[in-house]
Amino acid sequence: MCLGVPGKVVEVFEEDGLRMGVVDFGGIKRKACLAYEPEVDVGSYVVIHVGFAISVVDEEEAARSYELLAEMGNLEGIDLPQDPGGVRE
Amino acid sequence: MSDDHEFALRCPVPLPPGDTVLLGHGSGGKLTAQLIRDLFVPVLAGDGSELARLGDAAVVVVNGTRLAFTTDAFVVAPAFFPGSNIGELSVNGTVNDLAMMGATPLFLSAALILEEGLPLRDLGEVVASMAEACRRAGVTLVTGDTKVVERGSADGLFVTTSGVGVIPDGVEIGPERARPGDVVLVSGPVGSHGVAVMSRRAGIEFEAKLVSDTAPLTDLVRAMIAAGDVRCLRDATRGGVASVLNELAEASSVSITAVETDIPVLGPVRAACEMLGLDPLYVANEGVCVAIVAPEDAEAVLAAARANPHGEHAAIVGSVGEGPPRVLLRTGLGATRPLIMLAGDQLPRIC
Amino acid sequence: MRFVDEYRNERIARGLLEEISRTVTRPWTLMEVCGGQTHTLIRAGIDQLLPAEIELVHGPGCPVCVTPLALIDEAIAIAKRSDAILCSFGDMLRVPGSSEDLFMARAAGADVRIVYSPLDALEVARRNPDRTVVFFAVGFETTAPANAMAVKQAKELGIENFALLVAHVLVPPAIAAILVSPGNRVQGFLAPGHVCAVQGWTEYEPIAREFHVPLVVTGFEPVDLLEGILMAVRQLEEGRAEVENQYVRAVGRTGNLAAQAVVAEVFETCDRAWRGIGVIPKSGLRLREAYRDHDAELLFPREGGVPASESEICIAGTVLVGRAKPDACPAYGTLCTPETPLGAPMVSSEGACAAYFLAGRARREVSS
């Protein structure tokens with residue numbers, strides 16, 4: 001529900017007793033609370049909703065299911081986007 | 001299952017309840033247009049109604065010379081934002097309004113409204129930026145005014161600049177000149193300025209590799225005009241590219257179809273818009289113009305734009321069709337939908 | 001943007017559309033629950049690209065839309081107090097109360113601040129110890145963990161001048177209420193992906209069994225929605241009624257246990273009135289006893305007086321339960337527009353009416 005955006009954790013620190021992180025969303029960064037995902041570390045992708053990580057992106061599952069999707073689109077070898085993005089059209 | 005109904009942009013919308021000015025009246029969208037159309041133009045436009053033409057600048061003739069004349073107020077908060085400040089903005093903004101008529105900008109005035117308590121150092125920095133921006137744009141600031149208001153009345157400082165320039169013979173540019181078959185260009189990636197400013201606003205701050213795109217576009221425009229028949233030019237400021245396209249469609253009584261995936265957006269700008277739930281097509285720019293060009297000259301004008309440092313990401317984004325006036329967007333999935341004019345500002349979509 | 005852009009791939013979307021067309025043999029009515037999903041569907045034009053047999057109706061998944069009118073009025077009343085600061089998510093500001101909205105209140109001088117996160121509101125409280133900072137805690141189960149943490153932090157750090165005005169609503173009771181309502185036509189659901197990221201999908205299993213409806217936990221990008229629709233249609237064609245997960249990259253069956261624990265510590269379920277729909281039992285959250293000194297409704301009790309009054313013309317209730325489409329409302333696009341909204345779904349960016357309007361959908365003539 002609501003706006004949840006995936007981003008990459010690039011820094012982890014503590015603030016007021018809460019585990020916090022800096023998350024990179026395709027080139028922009030914002031602070032977020034990681035208290036609900038204590039296992040994540042730098043490099044993980046998380047889904048952020050109103051400044052909180054509510055879920056970790058399961059990259060293996062994503063890759064597996066995306067392969068099936070790619071077949072559906074008759075696509076061979078998808079170029080997955082790399083962050084940060086350049087100029088996109 | 002197709003939707004043939006056109007969205008009637010002229011649907012009668014009652015003025016908002018209440019009898020006071022709302023923030024939305026300043027957003028560059030429908031509320032602004034209403035205020036201008038219903039309150040200002042009927043009262044202020046004299047005979048000949050150059051005012052009613054609603055171009056980026058007015059064109060007046062003095063002793064046989066065509067002058068472009070414009071004014072713009074700058075109330076951006078915060079006054080200092082990534083890449084620039086209100087001073088540079090105020091010079092470039094007015095220079096660009098003149099350039100959008102094909103004019104060579106020459107002289108500027110500046111009226112400053114300062115809030116009591118504004119640090120003189122900040123004022124100094126703003127003024128220095130204005131001087132530098134004038135130098136870069138090739139214009140001279142020749143007159144000004146200063147007022148101070150009580151603490152709390154001016155958000156730091158407000159700047160109003162007016163400018164005058166000369167339109168060379170043979171240059172005919174105006175919002176009403178688009179015709180079916182013409183090609184629509186944008187000169188650069190959209191949404192950068194609005195997002196850069198928002199990145200400093202309290203409550204929704206984020207660290208971004210983003211700077212305002214404010215820039216004087218005189219040389220870019222001159223190169224484009226020299227390369228072919230540029231029929232309309234519009235500075236895509238508040239209200240974004242979507243608002244400009246609607247204004248042009250309305251002024252020329254044509255339809256405009258834009259292709260979403262052809263409109264350039266910088267990666268971090270897109271990411272910021274995703275995070276905040278904003279549509280980059282409605283976000284303010286300060287260094288991007290929309291041009292409507294005769295089809296046979298489109299490639300040449302595009303090449304000329306790309307050869308200029310402020311136009312390196314210029315792109316063809318759409319085409320002009322028959323009226324009635326409306327703007328359509330072809331989405332990434334291949335569906336086509338109307339791209340409407342918003343009433344007020346987009347609020348960051350949060351929840 | 002990774003994990004976003006690739007789910008907007010046009011060719012995959014077209015491939016899914018073709019597969020849906022090949023799979024469907026009879027008419028089916030599906031409901032996508034979440035406003036964010038509605039938004040994507042309409043903006044991308046997916047409802048117009050689907051085969052005619054599939055009808056999508058839009059659900060009540062817009063927390064802004066279903067926040068009770070009385071709570072909006074109360075938020076406005078609190079904002080107007082000189083000893084309070086009202087913090088809120090952006091799109092609550094234009095939701096009409098009985099006589100005005102928060103935006104107008106702000107224009108008239110009330111201290112109303114837009115924040116991105118409830119932790120930002122907590123920070124405002126820290127910086128303004130002389131006033132009570134009230135955060136308008138709107139949202140579904142997705143947002144409850146964030147709001148819970150903010151008030152838990154307030155307690156832990158001794159920030160006494162921070163309070164929540166709680167308007168939380170829960171999805172499964174709403175789905176059940178829709179399914180039991182007379183005249184319900186919904187045969188399958190796209191369940192809200194981020195609610196399920198927090199809650200998991202165990203609460204939907206009894207619903208699938210009892211009502212024999214498929215529920216597919218679905219994400220928010222065009223490819224997600226199309227894949228979710230395909231999975232739902234396959235179930236319907238095969239006579240199955242299970243909970244399936246399309247949004248595998250972000251959702252697991254049991255959800256986020258850490259988040260659920262903190263929510264359970266701070267909140268408890270209660271009956272809740274949904275604007276336009278009515279009271280749904282046990283469909284809301286309120287602060288537990290231990291946190292009641294951070295409850296804005298107790299700190300600023302509502303004065304009796306003018307009862308909250310809705311526009312008589314607005315049909316938000318029927319739109320929110322999928323019984324009517326926005327473009328069939330007599331006021332759509334004329335009396336009711338985002339700048340002059342009669343009801344919440346036209347002003348919330350997750351509201352179905354706003355989604356239609358902003359995508360330029362014209363009003364339809366509806367034969368009776």
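Here are some friendly notes on this predicted model, chain by chain.

1. Residues are numbered from 1 along each chain as its sequence is written, while chains are lettered from A and ligands numbered from 1 in the order in which they are written. Since the model is predicted, local features need pLDDT of at least 70 and side-chain atom pairs count only at pLDDT 80 or more, whereas totals for chains, interfaces and linings use all residues.

2. Chain A has one helix and six strands; here helices (H or I, at least four residues) and strands (E, at least two) are DSSP runs, numbered from the N terminus. Read from the N terminus, the order is β-β-β-β-β-α-β. Of its 89 residues, 46% are buried, a word that applies when 20 or more other C-beta atoms lie within 10 Å of a residue's own, with exposed meaning 12 or fewer, partly exposed in between, and C-beta atoms placed from the backbone.

3. Chain B holds an open, mixed sheet of seven strands, ordered β10-β13-β8-β14-β11-β15-β16. Strands pair if DSSP finds at least two bridges between them. At the edges are β10 (230-235) and β16 (336-338) of chain B, each pairing on one side only. Neighbouring strands are turned by 25° against each other on average, direction ignored; axes are lines fitted to C-alpha atoms, for helices over the stretch in contact, and angles run from 0 to 180 degrees between N-to-C directions.

4. Inside that sheet, β11 (residues 255-259) and β15 (residues 326-330) of chain B are parallel partners over five bridges. One spot to look for is B:Ser255, opposite B:Arg326 in β15(B). Helix α9 (residues 298-306) of chain B packs on the sheet and touches β8, β10, β13 and β14 of chain B; residues are in contact if their C-beta atoms, placed from the backbone, lie within 7 Å.

5. Beyond its neighbours within four places in sequence, B:Val142 contacts B:Phe107 and B:Ser109.

6. Chain C has an open sheet of five strands with parallel pairing, in the order β2-β1-β7-β8-β9. Because β2 (54-61) and β9 (243-245) of chain C each have a single partner strand, one side of each lacks a neighbour in the sheet. Three bridges link β8 (residues 215-218) of chain C to β9(C), and C:Val217 stands opposite C:Asn245 in β9(C). Helix α12 (residues 222-238) of chain C lies across β1, β2, β7, β8 and β9 of chain C, at about 145° to β7(C).

Technical notes: Two residues are in contact if their C-beta atoms, placed from the backbone, lie within 7 Å.
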